[in-house]
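Hi there,

Here is the structure I promised to pass on to you. Have a look at it first, and then read my notes below.

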Amino acid sequence: MTSSESGGSTAQLASKLYDECLAKFPPDHLFYQQDLLGLGVVPKNDLGLLLQCTQWLVDQKLFRLLQGKNDRLSWKLISREDAEKLQSLSPDESLVYNVIHSTGRSGIWVRAIQNRTNVHKSILDRCLKSLEGKNYIKSVHNVKYPSRKMYMLAGLAPSEDVTGGAWFTDGVLDANFINTIATYIEYTVSRKSWFEVPSSDGPRNKRIKTSSGAAVKQDAEKEYLAFPPGYKGYPTVSMITAAVNESGLTPVRLGEDSIAQLCDVLCYDNKLVAINGGEFYKSTKNPEAVKQEQMRKESNQEPADTSRELVKNGMTEAPCGQCPVFKLCTPGGAVSPESCEYFGPWLEKALGF
Amino acid sequence: MSSQYASEICTLLVEDNFGELFGRIFSTLLRYNRLPLPRLKHYSGLSERQLHYGLAAMIQHRLVFHYTAYDDGITYYEANIQFSYYLVRSGKILEFIKERLGDYAAAVMSTIMLLGHAQIGYLEDLPELNAHHPISNGVTEEGDVDGEYGSIKEAEDPEGQEGEEGQVNGVNGDYAPSGPSGLLHPTLKTLAAHGYITRVREAHFQSYSDNVLDAERAVKSRPEVKQLKGKKLEEAVLEKTIDLIRERTDGDLTHGLVFNGVPRGAKRSHGTEADGPNKKSRLNYDSVDGDEDIEENEWSDDEMVGDVVPMQLSKSGLVVQVNYEKLDVALRNRRFLELAEKDASPVTSHIYECLLRRIEYQTRCCRDTAEIPREGEEGEQYSAPISLTAVVEEVDPKLDVAGSIAPKDISQPFNRRGKRPLEDGVNGDHHEGPNGVASEGNRIFDIDQHLSLLAQPPYNLTSKRTIGGLTTWTVEFRYLARKLRHLELERMVEARYGDVAFRVIRILHAKGKLDEKRLQEISLLPFKDLRQVLALMQAGGFVDLQEVPRDAQRQPSRTIYLWYYDPDRIRAGMLEDIYKTMSRCLQRLRFERSRMKDFLEKTERSDVKGNEMRYLSEAELKTLQQWKAREALLLGEVSRLDDMVAVMRDY
């Protein structure tokens with residue numbers, strides 16, 4: 001009788017303690033003994049009673065027992081809905097759930113769960129299956145270890161380490177997305193890093209327009225000038241980021257880090273140039289050239305002849321530069337300049353007869 | 001010693017230019033290195049008469065070094081790889097001289113080049129340099145040299161191959177009627193002042209190592225050195241040897257021919273100006289005036305100031321040669337200029353050209369060391385500083401320096417000087433009055449701005465220095481030479497493996513060694529593409545993989561794999577490949593020629609040559625034209641490959 005009474009009173013006291021905690025502290029607070037005693041719920045600071053209360057709360061899955069600094073006991077609150085969820089779990093399941101919960105947004109590898117819980121593999125599999133079925137946890141794809149099976153709580157979004165940042169979709173590098181954004185950045189930066197000469201000779205252009213339609217395009221070619229040294233109007237990373245986020249190209253908001261990363265890549269592509277050690281970015285080509293280059297890429301995979309010229313030098317244009325048997329070639333050998341089958345077509349192609 | 005492919009290309013060049021006898025001797029010397037006459041006779045299988053004739057001529061052409069030992073009195077012969085390779089560059093050099101100093105200077109230069117080295121007196125007697133009557137085929141046998149290589153530049157354009165044969169002859173023929181006989185000496189002086197020709201010293205005929213040994217011996221026998229011992233002796237010998245070699249090989253002729261950093265007879269890029277800008281020089285005494293006001297064909301003006309010029313150049317006994325080192329500097333500057341032209345406006349590159357030209361006058365050779373130093377072990381080396389005012393002087397005063405840089409503030413109305421429609425209508429195109437006088441200070445500032453623009457990344461073509469309150473501009477030659485090499489290699493990677501590879505190479509170059517995962521993170525490339533391109537490049541020798549085991553067992557699973565890109569090694573390999581490609585092009589040309597031998601022999605008959613239209617049928621003319629185009633293409637290719645060799649080896 002007394003025990004049930006005391007049990008009842010403990011339950012009451014405990015729920016009162018729980019409510020107090022919920023009201024007075026943020027949900028993520030780490031409670032130590034003095035925090036709980038400080039609430040003044042437990043009469044006469046009776047440690048035994050406090051222990052009973054916390055034990056009851058832990059049993060009810062309303063408290064999570066943790067080990068704080070210096071091996072002190074500490075607790076954290078669990079919301080009532082979550083607690084209900086947890087109460088329905090079997091002990092094994094709850095063990096597994098707790099382990100997964102503890103890793104937060106980074107997720108945990110199945111083998112690591114096994115190590116930490118010491119549960120047999122088959123039981124673990126069953127637990128994971130049932131937890132996943134109840135939609136408490138989800139499996140995630142880690143970019144760093146694509147072959148590992150990892151789990152995390154269903155309600156959490158995987159961290160950047162797991163997803164690999166903004167450039168990954170479902171753990172795979174989203175090349176199309178990157179290209180779209182890169183193209184956009186290049187054009188945006190290019191527009192800001194060259195000065196467009198206002199067409200003072202507008203009337204002349206118009207006259208040509210009326211005389212023949214074909215000539216317009218050539219004459220409408222804009223003139224671009226470089227800005228003077230020390231010019232401060234080049235776009236910065238934050239400006240670029242703002243422009244990208246406003247462009248509507250990206251479903252998620254991209255951070256400055258991601259954009260800075262992409263700008264670096266564009267520098268390696270020799271499309272942008274970092275000025276003042278990355279304070280500003282400047283494009284190497286003027287907007288018109290950028291547009292043409294991009295149109296060419298979109299319309300046709302095969303690069304046009306004129307742009308191929310740019311990457312050419314003596315070695316790449318000679319047949320020997322591309323020859324697969326170049327190493328074997330000797331005068332009088334099986335492969336020789338006399339018997340070479342590349343020179344003839346090359347000469348003919350270059351000369352056009 | 002030289003590599004296999006370098007020897008191959010040099011032998012081919014010698015054979016093509018000077019015939020089989022030279023080729024035979026040259027290749028024998030290359031194969032066996034240094035030989036005395038009896039051994040040479042044995043290995044080459046030539047008669048003594050042939051050898052004597054051949055060697056003498058080859059020494060004259062600087063293709064062979066000779067050295068007579070002190071101890072046994074035996075003369076050794078050795079091939080001169082360097083000079084034989086320069087045969088391929090002769091066309092480019094002549095083109096350059098022609099552009100810089102005019103046709104006649106190019107003709108003089110080509111004559112010196114053909115002769116290897118020449119006495120002034122001999123040049124004086126040469127009819128084609130002096131004569132009043134044109135000589136159509138003055139240089140017969142050796143005319144081929146320039147007929148082939150001299151015309152490479154034009155020949156690259158398949159249309160422009162008409163005037164193919166005998167570029168030199170063409171030049172002479174064109175020039176001779178108007179060429180007064182008094183032109184030779186001023187021209188030579190100009191060439192000497194620019195440093196394009198130097199005096200030949202006896203030591204030039206010996207190989208560098210022989211010179212070193214000789215000098216060492218001479219130094220060691222000096223009484224003051226004999227007293228030294230141990231380390232001190234070594235140091236003293238080393239130092240004095242270098243001094244002695246410099247003294248013995250010094251053929252500098254520029255002394256007394258350079259005024260205020262500008263060589264005598266240098267053609268101002270903008271020609272002679274009207275009165276306005278030359279006011280300053282009017283104040284000076286006549287000689288400088290004569291120098292500054294020189295017109296294209298007024299070199300004879302130089303004679304007026306003959307007392308300032310050292311007499312040595314006028315002496316007929318002086319022997320001169322082409323100074324390839326200096327010409328490399330000039331050609332290298334041209335590459336830098338091309339780099340600038342790619343991005344900068346024409347005005348900016350013109351100003352850059354002016355700066356480079358000023359620097360060229362003060363730069364003797366491309367680098368101090370014989371070999372290109374390894375990446376990262378190379379110190380920075382700045383060119384001679386050129387003061388801003390000197391650059392301003394050099395820039396064409398008519399050039400609109402302000403209009404080609406954007407305003408600092410976009411909101412400001414952009415006003416390009418001289419483009420205002422209203423004033424234009426009144427004053428005509430150039431209104432020098434207000435521009436020339438009022439904005440002198442602005443002009444200096446604007447030119448400074450242009451130079452600062454060039455100093456920006458990615459190329460950092462210039463750099464600014466303030467010495468004693470004076471603004472000067474320099475060019476970081478070693479850095480830029482390195483940049484040229486990298487660009488060339490990157491260009492190859494991009495052409496062969498695409499832009500993904502280009503990105504990867506540039507990342508590896510910037511970051512050093514990276515494992516695959518990190519590389520992927522930086523490059524933002526899908527693993528699949530990345531691996532593919534890395535594997536391809538590894539097979540092509542452009543990237544390499546280093547294994548770093550984490551434990552002693554060296555298990556693959558516990559090993560870190562790092563990708564890296566070593567420009568030095570690739571450069572060395574690439575240089576060999578380029579030599580080889582050049583040889584292949586020349587060999588193919590020879591083969592093509594042999595296929596059309598009969599036909600070509602007909603066109604080269606003395607009665608047909610020059611009268612092709614009369615003697616050849618229409619079909620034959622067409623074949624001839626095709627053949628010339630083909631030859632031009634192959635030679636043009638060789639010349640473009642030589643551009644790469646220059647970047648990889650000489651700059």
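This is a predicted model: local features need pLDDT of at least 70, side-chain atom pairs count only at pLDDT 80 or more; totals for chains, interfaces and linings use all residues.

Residues are numbered from 1 along each chain as its sequence is written, and chains are lettered from A and ligands numbered from 1 in the order in which they are written.

Chain B has 31 helices and 14 strands (DSSP runs, H or I of at least four residues for helices and E of at least two for strands, numbered from the N terminus).

One open sheet of chain B has 3 strands in the order E4-E8-E5, with antiparallel pairing (strands pair if DSSP finds at least two bridges between them). Strand E4 (117–119) and strand E5 (197–199) of chain B are at the edges with a single partner strand each, so one side of each has no neighbour in the sheet. E5(B) pairs with strand E8 (residues 319–322) of chain B over 3 bridges, and B:Ile197 has B:Val322 in E8(B) as its bridge partner.

Now to the two chains together: 47 residues of chain B are in contact with 42 residues of chain A (contact means C-beta atoms, placed from the backbone, within 7 Å). On the chain B side, H25(B) gives the largest share, 10 residues.

Enjoy exploring!
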